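Hi,

Here is the structure I said I would pass on.

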Amino acid sequence: MTESDVHTLTGPFVLDALPADERARFEQHLTECAFCTTEVAELREAAVRLATQVAAPPPPALKADVMSAIEQIRQVPPLVPGGRNELARRRLGRRSVLALAAAALAVATTGGIAIDQYRDKQAAVQANERVAAVLAEPDARTVHGPVNGGGQATVVVSARADRAVVVLRDLPELPADRTWQLWLIDPNRTAHSVGLAGGDLTTVVNGSTGKIAFGLTIEPDGGSPAPTLPAAAMIPMT
Ligand SMILES: [Zn+2]
């Protein structure tokens, strides 16, 4: 490993993905490199933020309530005409069905919210895993640079995974009709859009292999087909 390479190991270091000898060397490097020390702190902070974005799962009791309400409705016998007490039974039957249906609706509505939260949680867990997978790649390298107007963009790129983790933090607030747009620049200087951001963000972008830079621009809401220059940040990745 050359001296310049050592600055690129913050991602795997944060995830404890370095072999013991490289880890020891990097810890030594951290004692003398303020740049990497700051970056390690920022990546750790981003990882913690990702972890705390995960909402609590729905309480198991709620799910059980929904299931039992549905079971109860299924168990109400169909209203078959016949018999002397048919009218009374039908009235009772209808009341029961309506009461149960109302109860089930109430529970299912609550359960629906919980299930949405559960999906959100699953999405957050998956996002977290995608980030972790890139940071853990043995060839993960970290580059970063300042954003015009304030803030910083950090990119952990893995050619092996063909993906990069982008961490945007302390970005200035944009007008309501503007958005941040993320780009990967290829060797022909063509910018490929890899996503939009409303503000600070940790995300995984695809197609990083062979790209020479990460770009960040301010665009009209909804994004642009090509970057509006000058870019807010342009960070070489090679
Ligand atoms: Zn360093």
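Going along the sequence, the donor residues of the zinc ion follow the spacing H-x21-H-x3-C-x2-C. Keep in mind that this is a predicted model.

In atoms, that pattern comes down to ND1 of His-7, NE2 of His-29, and the SG atoms of Cys-33 and Cys-36, which coordinate the zinc ion at 2.0 to 2.3 Å. What arrangement do the four donor atoms make around the zinc ion? It is tetrahedral, because the angles they subtend run from 103 to 117 degrees, and the criterion asks for all angles between 85 and 135 degrees.

His-29 has 5% relative accessibility, so it counts as buried. Cys-36 comes out at 1% and therefore counts as buried too; the cut-off for buried is under 20%.

Now for the sheet. Four strands make up an open sheet, ordered β5-β4-β7-β8, with antiparallel pairing. At the edges sit β5 (191-197) and β8 (233-236), each of which pairs on one side only. On average, neighbouring strands in this sheet are turned by 25 degrees against each other, direction ignored.

Which residue stands opposite Ser-193 in β5? That would be Trp-183.

Cheers

Notes
Residues numbered from 1 in each chain as written. Predicted model: local features only at pLDDT ≥ 70, side-chain atom pairs only at ≥ 80, totals over all residues. Heavy atoms only, no water. Donors = N, O, S within 2.8 Å, 3.2 Å for Na, K, Ca; no water. Tetrahedral: all angles 85-135°; square planar, octahedral: opposite > 155°, others 65-115°. Buried < 20%, exposed > 50% of the residue type's maximum accessible area, 1.4 Å probe, protein only. Pairing = 2+ DSSP bridges. Helix = DSSP H or I, 4+ residues; strand = E, 2+ residues; numbered from the N terminus. Axes fitted to C-alpha atoms, helices over the stretch in contact; angles between N-to-C directions.
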